[in-house]
Amino acid sequence: MKETPLKTNYIASLGKDIPAGLVVFLVALPLCLGISLASGAPLFAGIVTGVVGGLVVSWLSGSHLSVSGPAAGLTVIVLNGIETLQSYEAFLLAVVLAGILQVALGFLKAGVIGLYFPSSVIKGMLAAIGLILILKQIPHFMGADDDFFGEMNFFQPDGRNTFSGIIHAFSAIQLGALLIGVLSMAVLILWEQPFMKRIKLFKLVPGALIVVVGSVGINYLFINYFPELAIAGTHLVNLPEITSVGALQNELRFPAFDQLTNPSLYVVAFTIAIIASLESLLSVEAVDKLDPHKRRTPNNRELKAQGVGNIIAGMLGGIPMTAVIVRSSANITAGGKTKMSAFIHGVFLLLAVLFLAGFLNQVPLSALAAVLLMVGYKLTKPTLFKGQLKLGHEQFIPFVVTIVAILFTDLLVGILIGLAVGIFFILKANYKSPYFFHKEDHREKETIRIKLSEHVSFLNKASIVLTLERLPNDSHVIIDGANSEYIDYDVLEAIQAFKETAHERGIFVEVLNIEEVKVLDMH
């Protein structure tokens with residue numbers, strides 16, 4: 001799709017992109033910190049990656065609405081990678097090498113793999129992430145969870161799982177956090193009402209900003225007038241405070257290039273590159289489906305952009321990045337129009353870590369949980385389930401399986417399970433429709449005409465072979481490829497083999513509009 005001129009595309013959309021960028025920043029900040037903590041990396045590493053994703057990758061990517069940053073799906077890989085290489089600096093070198101490999105994959109046009117994921121699996125992934133956001137934020141909403149904010153897997157490091165964590169939360173509610181969470185949710189719901197959107201001031205100011213500023217003010221009242229309701233430090237944002245250039249330098253880490261001779265380095269780098277690339281391709285595919293304008297993201301360009309982002313993040317001490325669906329979804333639901341919103345979120349992250357850490361460290365996590373609960377609901381609305389059900393069981397079953405698998409494992413494992421089920425239905429559909437079968441009545445012999453469809457792939461081979469095997473003896477069979485633009489070699493070979501042996505069953509075979517294939521003599 002041809003891009004519109006710069007002024008039309010970016011400058012004119014700033015009224016939408018600045019508020020959206022602010023909302024994405026508010027969602028991204030705790031996730032950057034939480035994913036760093038979950039990955040066993042320095043807390044600052046997630047912020048570095050978020051800033052690079054916003055300031056650099058947003059412009060290199062061909063996606064208009066996706067946001068890049070540290071991904072919950074990579075936490076286990078990062079944790080294991082640091083442990084394998086025995087130092088964070090050695091791991092940073094693996095991140096740099098992974099980025100180089102991603103750039104190479106982009107030039108090799110490996111991004112086409114993203115087009116092979118069924119729509120039902122992509123929609124299932126979106127719905128599952130929405131449900132996970134809702135389930136994972138309930139404890140934070142009630143002020144009952146000291147775990148990191150970025151945890152997305154079913155089994156948690158504290159020994160609980162998603163559901164037992166919620167049950168525990170009801171026995172450990174912090175009343176002040178719950179009050180702030182409820183008020184925050186009320187504000188967000190109010191901001192979504194049509195009459196509020198008709199008021200120009202409220203259209204310009206995102207509800208999430210009101211929630212964040214208001215939650216700090218309410219907690220200030222609690223501290224001064226109702227100390228029993230004051231939010232504990234463990235339930236507030238915890239951002240490293242940078243007070244000088246020296247303090248910033250102390251937070252940054254750099255790759256250990258003396259590890260280039262370590263064979264394990266390349267295994268870790270390859271693993272990061274493949275998983276991060278797959279997750280990015282799936283995310284941009286999902287974002288394109290959510291985009292109101294249905295713009296397409298060039299997959300190979302996305303791989304190159306993510307690769308450059310990981311090279312820069314690794315050089316500055318950041319953990320690996322991908323295009324991430326939670327922040328991207330928040331961007332879309334907040335009204336983002338162009339890639340400027342992702343860039344602005346990166347600017348806000350940078351400014352926050354340099355100048356606003358003191359204020360942001362007063363923001364209750366229950367207020368941010370309310371923002372994420374709203375994002376989660378928009379990703380998994382009941383209308384999405386109804387729509388998939390109307391499409392039939394071939395679409396609905398892979399959709400539901402993907403959701404359940406992601407909920408009870410993690411993002412990538414769940415997607416692979418959903419993909420396997422989706423492929424089963426694709427194979428089944430291909431099995432049914434590679435040809436048109438028609439019987440013709442003649443006095444001499446029963447005549448059967450098999451007209452092959454427009455595209456006959458290797459997936460159709462099993463169906464065609466089985467049909468040929470079941471043809472009645474002493475019949476006249478016409479196999480016609482007049483309508484076919486492409487017939488896979490495996491299918492041609494099967495037809496040729498049938499033609500050569502059909503006389504043994506008294507079958508006369510006539511092949512029309514199909515080139516003959518030389519079948520290799522394997523004896």
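At what angle do helix H18 and helix H19 pack, and how far apart are their axes?

## Helices H18 and H19

In this predicted model, helix H18, which covers residues 382-390, packs against helix H19, residues 393-408, at an angle of about 140°, and the two axes lie 7 Å apart. Because only angles over 145 degrees count as roughly antiparallel, H18 and H19 are therefore described as oblique to each other. The crossing in which H18 passes H19 is left-handed.

On the H18 side the residues that meet the partner helix are Leu384, Phe385, Gln388 and Leu389, and on the H19 side they are Gln395, Phe396, Phe399 and Ile403. Sorted by class, the contact of H18 with H19 comprises six nonpolar and two polar residues, with no charged residue among them.

## Helices H8 and H17

Of the residues in the contact of H8 with H17, 10 are nonpolar and three are polar, and no charged residues take part.

## Helices H13 and H15

Helix H13, which spans residues 263-290, and H15 have axes that come within 10 Å and cross at roughly 15°. Since angles under 35 degrees count as roughly parallel, H13 and H15 are therefore roughly parallel to each other. Their crossing is right-handed.

The residues that make the contact are Ser283, Ala286, Val287 and Leu290 from H13, together with Ile325, Ser328, Ser329 and Ile332 from H15. In terms of class, the contact of H13 with H15 holds five nonpolar and three polar residues, and it has no charged residues.

## The largest pocket

Which residues lie nearest the centre of the largest pocket? They are Trp191, Glu192, Thr333, Ala334 and Gly335, which belong to a lining of 25 residues. The space in this pocket amounts to about 590 Å³.

Several helices give two or more residues to the lining of the largest pocket, namely H2 (14-39), H8, H9 (194-197), H10 (200-204), H11 (207-225), H15 (325-333) and H17. Among these contributors, H2 gives the most, with five residues. By class, the lining of the largest pocket has 16 nonpolar, four polar and five charged residues, whereas the contact of H8 with H17 has no charged residues.

Lys294 has a phi near 55°, a positive value, and Lys294 sits in the loop between H13 and helix H14 (299-316). H13 is also the helix that supplies Ser283, Ala286, Val287 and Leu290 to the contact with H15.

Asp474 likewise has a positive phi, near 55°. Asp474 is located in the loop that runs between helix H21 (461-469) and strand S6 (475-480).

Key:
Residues are numbered from 1 along each chain as its sequence is written. This is a predicted model: local features need pLDDT of at least 70, side-chain atom pairs count only at pLDDT 80 or more; totals for chains, interfaces and linings use all residues. Side-chain values use heavy atoms; hydrogens and water are left out. Ala, Val, Leu, Ile, Met, Phe, Trp, Tyr, Cys and Pro count as nonpolar, Asp, Glu, Lys and Arg as charged, and the others, Gly among them, as polar. On a 1 Å grid over the protein atoms alone, a cavity is a set of points where a 1.4 Å probe fits but cannot get out, and a pocket is an open set with protein on both sides within 12 Å along at least five of seven lines; lining residues have an atom within 4 Å of a point. Grid points are joined across faces, edges and corners, and a volume is the space filled by probe spheres set on the points. Helices (H or I, at least four residues) and strands (E, at least two) are DSSP runs, numbered from the N terminus. Axes are lines fitted to C-alpha atoms, for helices over the stretch in contact, and angles run from 0 to 180 degrees between N-to-C directions. Angles under 35 degrees count as roughly parallel, over 145 as roughly antiparallel, 65 to 115 as roughly perpendicular and the rest as oblique. A crossing is left-handed if the near helix is turned anticlockwise from the far one by less than a right angle, and right-handed if clockwise. Contact means heavy atoms within 4.5 Å.
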